[in-house]
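Work through the exercises below with the structure open. Each task is followed by a stepwise solution.

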Amino acid sequence: MNSKSILFISMVALVSLLSGCNEDSKLSLSERSIIYCSEGSPETFNPQLSTSGTTSDATSKQLYNSLIVYKGQSNTLGPSLAKSKHITRDGRKITFYLRQDVSFHQTSYFTPTRLFNADDVLFTFNRILDKEHAFHHVSGGQYPFFQSVNFSELVEKVEKINDYTVRFILRRNESSFLANLATDYAVILSAEYGQQLTNSNSKHEIDILPIGTGPFKLKDYRVGSLIRFYRHDSYWQGKAKIEQLVYDISPRETSRLTKLLAKECDVSSYPNAHKKIAQRSDLQLESITSLNVGYFGFNTQKAPFDNKLVRQAISLAINKQALVDNIYRSQAARAKSILPTTSWAYDKNTPELGYDPVRAKSLLAEAGYPQGFTMDIWAMPVQRTYNPNAVKMAKLIQADLKKIGVKVKIVSYEWSTFLRRLSLGEHQSFLLGWNADHPDPDNFFTPMLSCSANEIGNNRTFWCHKEYDDLLKKALKTTDMSKRKGYYAKAMVIINDEMPLLPIAHSKRFQARGSDVEGDILSKFGGISFYQASKKAKLVNEASN
Amino acid sequence: MLTFTLRRFSLFIFTMLVLTLLSFSLSFLFPGDTVINHSGQIHATPTELVELNKVYKMDENIFSQYNAYLSHILQGDLGQSMASQSPISDEIIELLPATIELSLVALLIAMLIGIPLGFIAAIRHNKTSDNAILSFAMIGYSIPVFWLGLLAIHTFSINLGWLPSAGKISLLFEIDFVTGIQFIDILLSDSPYKWQAFSNASAHIILPACVIALAPATIFIRLSRAAMIEVLAAPYIRAARAKGLSFNQIIFRHAIRNALIKIIRHVGLQFANLVTIAMVTEVIFSWPGIGRWLIESIYQRDYTAIQSGLLVLSCFIFLVHILTDFIYAALNPLARGNNHGS
């Protein structure tokens, strides 16, 4: 009898534990938090140092703010940390008037004693511009986005006018300058935190233990496992709706899907099984047409792709429509040039190299390869919006090229090794893509194919074309939209003739979430933001309250 | 009891010696430099390498090499993981409790389900319910655990959405590491969400523990059935029946106690079996335990972690065996006279 009553009591205790003790009429922790199943670990917590989408998803809009941002459907530039700006008539002096009510994160490793001011802006940009700056070489001294747009050559200096006014002095007028400042990469760091790290001789921590002005602050990071953010309670735009944001790092597609279906994560990046998700009433599938391009590039420094005819022949032999249908499951538009058709600068009359294996073969013979040759294709190992399955795409291309007598070997490495070896130029051809950081068309032309991008290893085709570069420079010097459009149209014609790369598709970015998650997360350019996201309180709880 | 203890102790010493000999020889059998396999220091500079060779006495004969290796192990230095470059002993201390916790819960489930079912089968010997229980045991024993695990995730996590499929607690809860046994750590923590964390952790452990419990439970069914049948046929039961004791009195006062004694010994044996099953299950349910860690080390060719992990795991299982032997001996004086170790 005695043992029976003990058993009974323990059963009652267990049942009451399992049912949860929500009597305290508060929302449960899971209702105040969001778990996001992300596809990879960020390389750094400072988006200035990386152009990878995973890094900017995890950092830019969560931890930081930039001076200006793109706002609304019309993609106009709006104020952020700078409440207003003034540009001189020659476009070479740009003055920003800063907000006076912005506070930095308070964490276990840093407590700010002052609000955001001009010193922080100077600290941020001088770190990138000035090679003598104490922090320039911390974390390697590479600022890939800024190098690709020639930032340090463009900006002569950044001046502090007073505590809340800064002025950028440019060497020439460049129309994409403001757009570049509004990207996910131009985030503002804390000068005071930099000073603290200098004093404690641990400068490298600035990019590992981040301090920013954004809606969330870093609590905990375990490589390959999780990132935990807490809400920044004194965020200048009002605090975020959720208290905790957790990134559950799950590189495998199927494990992200399982976690989503089992409600272990609220939002999942790049989901597969679109139909299954669409069928479930408790899940939503959303997509956004982002500005991107997936392409097949050639190493123009290596034989046989140093020959324009070979590049054209290979491009003609690939059935792009079949790739779009199979790889993107028709959730993408076939690319006619590197610029998406939705961009204002896109010219409808741009010629497109079609699918023509017969002409491909004759071009190949003309180039001196009537019997074909053997080549390699480097297929990226990770999923990206612009290419959900590069290895499968490489196999389809392999089959297409076999028809014109070209044998293909498919090469794939782990992601960071893959990128490193590509910048060393070990490849003959490769499958990769580009996500735009801002809607300015220059963001497609300059970082992907210019000679300056070539120098820092971002342009993996190693193609450098004087006429093309001149056109881009002219387009940047003017603010006249129709003139710019004309220059870019000419640039597209050059690309289509020279074929350093074959644009394949402009795809949508997908995301899945539980139907109880509200608020916009995806944005057209750059990384995601959880500032607006929140969870609907469950009806059961409302009834019990 | 003293001779019994001494005998077990000497058995433990010798088994451990054989095990260390095995893990020591693994360093020679694995590809790569022996001293690097011992220490796991793959990024050692030439000077550090000279130092390591000296510490592990690599230029002396094989016996002093083994001696040096043994003294490292006795000091708790199991080398560094080649993959993460952190001390293996730290990693094991962090992960082993999670496996023990999962295995204990699974063992409890297996016993709570298996033993009563076995008793029922024995009492209803050769009747339909006996046959039904036996066929269930047979089927349960034959199902491969990796398949069962996936099936359980598919049914209960994906289709029904009742239980989580991965990890030991939702990532939302921050529980400080104290003992490593999560339920205890949760109770010790001062988080305002303690009880939510507790119910969340319970939900996480149900699926993997049940999957692990199935095979041992079926063994318990058969063991307890056989033990009970034997006890029920014993003369003292017949005597009790002749004295006019009721059925309940016979079963609860006499039969169950005597049958349980016979089973307890096997609990220890089953625990070893259970840990093996748990290792596979940990991979399926992403349970952060030693099994998943060991299998990942194999994938990553982390030789130091493999050899030290095997050593620790086998040492742990052996200790459990000895422990159950003691419990058995304490409960059953007859067993103490047994001259041979099991």
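Domain bounds here come from an automatic or database domain assignment. The model is predicted.

**Exercise 1.** State which domains chain A has and how far apart their centres lie.

Solution. 
- Step 1: take the bounds. Domain 1 of chain A covers 3-15 + 30-251, and domain 2 covers 292-507.
- Step 2: take the centres over C-alpha atoms. They are separated by 32 Å.

**Exercise 2.** Describe the contact between domain 1 and domain 2 of chain A.

Solution. 
- Step 1: count each side. Domain 1 of chain A supplies 21 residues and domain 2 of chain A supplies 19 residues.
- Step 2: find the main contributor on the domain 1 side. Helix 5 (residues 144-148) of chain A gives the most, with four residues.
- Step 3: sort the domain 1 side by residue class. Seven are nonpolar, 10 polar and four charged.

**Exercise 3.** Trace the four-stranded open sheet of chain A and find its edges.

Solution. 
- Step 1: write the order. The strands run 4-5-7-6, with antiparallel pairing.
- Step 2: look for strands that pair on one side only. These edge strands are strand 4 (82-87) and strand 6 (155-162) of chain A.
- Step 3: From one strand to the next it averages 20°.

**Exercise 4.** Follow strand 5 of chain A to its partner strand 7, then identify the helix that packs on the sheet.

Solution. 
- Step 1: pair the strands. Strand 5 (residues 93-98) and strand 7 (residues 165-170) of chain A are joined antiparallel by five bridges.
- Step 2: pick a bridge. A:Phe96 is partnered by A:Val166 in strand 7 of chain A.
- Step 3: place the helix. Helix 4 (residues 118-129) of chain A touches strand 5, strand 6 and strand 7 of chain A. Its direction makes about 165° with that of strand 6 of chain A.

How values were computed
Residues are numbered from 1 along each chain as its sequence is written. Chains are lettered from A and ligands numbered from 1 in the order in which they are written. This is a predicted model: local features need pLDDT of at least 70, side-chain atom pairs count only at pLDDT 80 or more; totals for chains, interfaces and linings use all residues. Two strands pair if DSSP finds at least two bridges between them. Helices (H or I, at least four residues) and strands (E, at least two) are DSSP runs, numbered from the N terminus. Axes are lines fitted to C-alpha atoms, for helices over the stretch in contact, and angles run from 0 to 180 degrees between N-to-C directions. Two residues are in contact if their C-beta atoms, placed from the backbone, lie within 7 Å. Ala, Val, Leu, Ile, Met, Phe, Trp, Tyr, Cys and Pro count as nonpolar, Asp, Glu, Lys and Arg as charged, and the others, Gly among them, as polar.
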